[in-house]
Amino acid sequence: MLKQREFPAARTFETTLGGRRLTVETGQLAELANGACLVRCGDTTVLVTAAASAAPRQGIDYFPLSVDFEERLYSVGRIPGSFLRREGRPSEKAVLASRLIDRPLRPLFPPDMRNDVAVTATVLSMEPDCAPEIPAMIGASIALSISDIPWGGPIAGVSVGCVDGKFIINPDAAAREASTLALTVAGTAHKVVMIEAGANEVSEEAMFDAIQLATAEIKKLTAFISSIAAEIGKPKFAPVSAAFHTELYDELEGSIMEKLRYCLDTDDKNIREERLSALRAELVAEFAEKYPDIEAGLGDVLYKLQKQVVRRWLLDEKKRVDGRGLLDVRPLSAAVGLLPRAHGSGLFSRGQTQVLTTATLGTISDQQKLDNIFDSETKRYMHHYNFPSYSVGEARPSRGPGRREIGHGALAERALEPVIPNEEEFPYCIRLVSEVLSSNGSTSQGAVCGSTLALMDAGVPIKAPVAGISCGLVTEGDRWLTFVDIQGVEDFFGDMDFKVAGTKAGITAIQMDLKSDGLTPEIIRDALTITKDARIAILDEIMLPCIPAAREDLSPYAPKMLQTTIDPEKIRDVIGKGGSVIQKITAETGTKIDIEDDGHVYISAPNRDDCQRALAIIEAIVLDPQIGDIFYGRVTRLMTFGVFVEFAPGKEGMIHISKLAPQRVAKVEDVVSIGDMTWVKVVEIDEKGRINLSRRDALSELEKRGQGQGQGQGANQKSHA
């Protein structure tokens, strides 16, 4: 006899998000996780769980947090397109959503905690009008808040769009499509902890106002989450702090600070690393007898001492490790056309950060096909970012792009997307690849600058050049200090990496990573101001002098492209039965032809003349012949009463023997043979659509125009070679 288990009753909490009802259910699903909740917004439903290991992980010097955004294609009623018909590795959008959630959560955990923590957001159902990333972020905050895992939240996040100059919280699909802004802000009740934005040249003032609007909504949501935690939250467990060699720290702090300042005080990363390595070896030799375990604890001790030096220099002396002023950008250089066979290339250097970007132009059929839960099925413009180990002086094998590489590539892609011409203006698929050759801070913004150079070198008519720059921050109580163009050591020991890309007219992308407990409005406004000044200087003084505008001509190695639009009802005529017509066109002209369902036709070939030939054939096929039109066609059949001429693929007309020549013709073979090319004129279209042609009239008209029997194109002539 089976014993029936009662399904546990769910606790339900409700609030609103941008005018929509947001429902949170707890206590019914994922009972063994430390914290779990089901978040519903419209028909979008996300299960979010938080789990932690019972004991800390040994032998590591970082907090092992993992955040996963799990797409399930059943959530949109689709079967995966892979061979195995199951979800594979996370899509790029899933990786970006995971990073979006991770960044505001991570700074609020105890810094010396070493317990593994896993946050998983699984999309169970998705409504296109309610994107799942924000419900997933809110769910992650709730799951952690009600769990026993130590965490300094809650946080909440909102998305902001802008349509017709009006900001919209949590925009639906139509508003997202029309919006000039795609902003996501996360924060606590008092401060902003994460900003991510894509924008169509939005001004700094408008961006600041949108962030302020988001923070007001965030305060309501964090109060809602706090009320849930107060009602059902578990007591937090006390984590075991990571071991720290306090005695060694105290001894070294009093004896090596001058040596440490000497090690750090250089603008050359290689020299800095050499000095620090020598100092470390000296300390091991000097203190090994007194502290036999010095090797295990020295790394953490030196990290804290270096951090102290860098931050004290900045806060107390306004001094930077490389001697720059707070608003000074490192030495810059730009170059284009480095790779002769690439369609476009640009090299951008900022200090010891160096990024080489290449641009490749392809046909529309080269678009990336996407298999995810979101609306987009293809992507015409792509940016990929590679960060090899040699760029930081390390020797590690390459294992493909990780989450950081995907995130940085997406940031550069987002920064350039508003200036990429549309298909009608520039009918190419575009792929950019940024290779980080040397890294000492802000490589993603180097990729933005290198991408602009490569696009212009490739002859892509971008709407405006884009540059990117980063802003750093150090805080101490109520004191704070921002500075522009952070290098690696300032990123490592500072509190913020605030990346802003844009044109002279406005912002196109923002990504803000934070290590402190949040930003005030004053810090955000200051960061937006100083990055604007720096990026405009980079454009005016470095990038535009290198290449002032997109090249007028494409690379000789880039495919040449023509496009036209035909009646969708005529697509079958161009393709032909079993593809016979289009295969014949491509074989004869050496072209590649892509036809979309809406009638857009894209023709590509190594040279433009072949494209023109294919275009002329297609236009002839879809043309409804009119009386008086002249064509250049091929003789296909000979009859006693006349000949048939194919004047366009799949289209024939008949020339009666009386209209073959000005004189009387006894036999058609006296004038033409099968396979001959000849000019014909449409003289009659009967009620059944049959077309009667005249070679005599065509030659007479061409003679009057002074073209004789050549193959020159007249005003209303069409040719089929």
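**Chat: a loop aspartate, a strand trio and some rings**

Reader: Where is Asp 629 found?
Author: In this predicted model, Asp 629 is in the loop between α15 (608-622) and β25.

Reader: Buried or exposed?
Author: Asp 629 is buried, because its relative accessible area is 9% and the cut-off is under 20%.

Reader: Which backbone nitrogen lies 3.0 Å from a polar atom of its side chain?
Author: That of Gln 626.

Reader: On to β25. Which strand does it pair with?
Author: β25 (residues 630-638) pairs with β28 (residues 677-685), antiparallel, over five bridges. Phe 631 has Val 680 as its bridge partner in β28.

Reader: And how many bridges join β28 to β29?
Author: Four, again antiparallel, with β29 covering residues 691-694. Val 682 is bridged to Leu 693 in β29. Five residues sit between these strands in the hairpin, and Gly 689 there has a positive phi near 85 degrees.

Reader: Switching to rings. How many aromatic pairs?
Author: The structure has 11. Tyr 303 and Phe 492 form an edge-to-face pair, because their planes are at 80 degrees, with centres 5.3 Å apart.

Reader: Where are those two in the chain?
Author: Tyr 303 is in helix α8 (residues 294-317) and Phe 492 in helix α11 (residues 488-493), 189 residues apart. Tyr 303 is partly exposed at 29%, and Phe 492 is partly exposed at 47%.

Reader: What about Phe 426 and Tyr 428?
Author: They make a tilted pair, 4.6 Å centre to centre and 35 degrees between planes. Phe 426 and Tyr 428 are buried.

Reader: Which ring does the charged end of Arg 525 sit over?
Author: The ring of Phe 208, 3.9 Å from its centre. Arg 275 lies over the face of Tyr 262, at 4.1 Å.

How values were computed: Residues numbered from 1 in each chain as written. Predicted model: local features only at pLDDT ≥ 70, side-chain atom pairs only at ≥ 80, totals over all residues. Heavy atoms only, no water. Pairing = 2+ DSSP bridges. Buried < 20%, exposed > 50% of the residue type's maximum accessible area, 1.4 Å probe, protein only. Polar contact = N/O pair within 3.5 Å; in protein donor to acceptor, adjacent residues only side chain to side chain. Phe/Tyr/Trp six-rings, centres within 6.5 Å; stacked < 30°, edge-to-face > 60°. Lys NZ or Arg CZ within 6 Å of the ring centre and 35° of its normal.
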